[in-house]
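Me: I'd like to learn how to read the side-chain features of a model like this one. Could you take me through them one at a time?

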Amino acid sequence: MKRTLKLTSTILLFSIILLIGIAYYFSGLVLYPKVRCNPDHHVYCQGPKELGLDFQEVTITTEDKLNLVSYWIPTKQPQGTIIMVHGHGGQRNEGLRFAPSLNKAGFNLLLLSLRRNHGGYATMGGLEQKDVDAALTYLKSKGETKIGIFGFSMGSATSIIAMAKHKEIKAGLFSSGYGSAMDVLIESAKRDFGIPYYPLIPFVKWMLDYRSGINMDTVRPIDHIAEIHPRPLAIFHCKMDDYVDYHHAEDLYAKAKEPKSVWAPECNRHERIWNFNPKEAEARAVKFFKENLK
């Protein structure tokens, strides 16, 4: 009997240790994604100079003392300024696909580099709020008042929450975003690794909370998007997105209040709407900001 009890206790302890180890590994994939420029995705990996754009590198310091080295792309006779917020594992260059057309249309651009690239870690839109806070402080110090925001994937989730909080953001375009950080992580775990919710996901969530210092259940853009009203918003999302399922766009759109719009072309790769149809993607982005950033 004692031997059986000891064996059972040993197996249980081993199982818990194994679960914690696996949870630590998977939480690391979220917090510390590999950062690289993928030419097939981001296209422009050499910076604004590759597009012949005038730019400066500017350092934006966050409340928690991270120095975010970002791109500032000014324009002559600006109609407004747009903060461009990249995705998970991305870099400041992610917005460059839209930069020439938006800049030519009369918008200053701040291509914000998020904390993962500067000694911090990724939190799916949680602590990235501090990065947007710092960007807004920087723009206000320059006298900018007509400010819009354009987010990509995790940057979209970040931008939704930030716009709900900051009334000075006049218009928001959210591309390939998600309604809940944990929901999209649970969906990707099942799809990409065949991992069911129990028993691993609760351990991963606990480990994420412990290592990040925040409750990942609170990173829910869907709970905030209605607060953007009456300011205008637009949602872009590939209808067959292979990472963030299209239902996230539908759910966000349903929760949002007017004025709102959605564009869902028949593309099937995550955050590659521009790559699928550059001309229409640029035209829609320019039209949205020209009509709404006033």
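**Reading the features**

Reply: Let's start with salt bridges: a search of the whole structure finds 16 of them. The term means a side-chain nitrogen of Lys or Arg within 4 Å of a carboxyl oxygen of Asp or Glu. Before going on, note that this is a predicted model, where local features need pLDDT of at least 70 and side-chain atom pairs count only at pLDDT 80 or more, while totals for chains, interfaces and linings use all residues. Residues are numbered from 1 along each chain as its sequence is written, and side-chain values use heavy atoms, with hydrogens and water left out.

Me: Which residue forms a salt bridge with D64?

Reply: That's R115, with the closest N and O atoms 2.8 Å apart. R115 sits in the loop between β4 (107-112) and α3 (128-141), and D64 in the loop between β1 and β2 (67-73), so the bridge ties together parts 51 residues apart in sequence. Helices (H or I, at least four residues) and strands (E, at least two) are DSSP runs, numbered from the N terminus.

Me: Is R115 buried or exposed?

Reply: For burial, look at relative accessible area: buried means under 20%, exposed over 50%, and partly exposed in between (1.4 Å probe, protein chains only). R115 counts as buried because its relative accessibility is 3%, whereas D64, at 32%, counts as partly exposed. R115 also forms a salt bridge with D131, where the closest N and O atoms are 2.9 Å apart. This pair links the loop between β4 and α3 to helix α3 itself, 16 residues apart. Like R115, D131 is buried.

Me: What does E168 meet in a salt bridge?

Reply: The side chain of K140, at 2.5 Å, N to O. E168 is in the loop between α4 (154-165) and β6 (169-175), and K140 is in helix α3, 28 residues apart. Both count as partly exposed, E168 at 22% relative accessibility and K140 at 44%. Going back to R115, salt bridges that share partners join D64, R115 and D131 into one network.

Me: How many disulfides does a search of the whole structure find?

Reply: First the idea: a disulfide is a covalent bond between the sulfur atoms of two cysteines. The search criterion is a pair of cysteine sulfur atoms within 2.5 Å, and there are 2 disulfides here. One joins C37 to C45, S to S 1.9 Å. The torsion about that S-S bond is about -80°, so the disulfide is left-handed. C45 counts as partly exposed, at 26% relative accessibility.

The other is formed by C238 and C267, with sulfur atoms 2.0 Å apart. The link of C238 and C267 is left-handed too, with -100° about the S-S bond. The pair links distant parts of the chain: C238 is in the loop between β7 (233-236) and α7 (247-255), and C267 in the loop between β8 (260-263) and α8 (273-276), 29 residues apart. C238 is buried at 0% relative accessibility, and C267 is buried at 4%. With bonded cysteines counted along the chain, the pattern is 1-2, 3-4.

Me: Where does H42 lie, and what is it in contact with?

Reply: H42 is in the loop between α1 and β1 (56-61). Contact means heavy atoms within 4.5 Å. Leaving aside neighbours within four places in sequence, H42 is in contact with R36, C37, G90, N93, E94 and R97. H42 is buried, with a relative accessible area of 7%. N93 is 51 residues from H42 along the chain, yet their C-alpha atoms are separated by 7.2 Å. N93 is found in the loop between β3 and α2 and is buried at 5% relative accessibility.

Reply: Rings of Phe, Tyr and Trp (its six-membered ring) pair if their centres lie within 6.5 Å; planes under 30 degrees apart count as stacked, over 60 as edge-to-face and the rest as tilted. Y25 and F26 form an edge-to-face pair, 5.2 Å centre to centre with 75° between the planes. Y25 is exposed, with a relative accessible area of 51%, whereas F26 counts as buried at 17%. F98 and F152 make a tilted pair, with 6.0 Å between centres and 35° between the planes. Ring pairs link F98, F107, F150, F152, F288 and F289 into a cluster.
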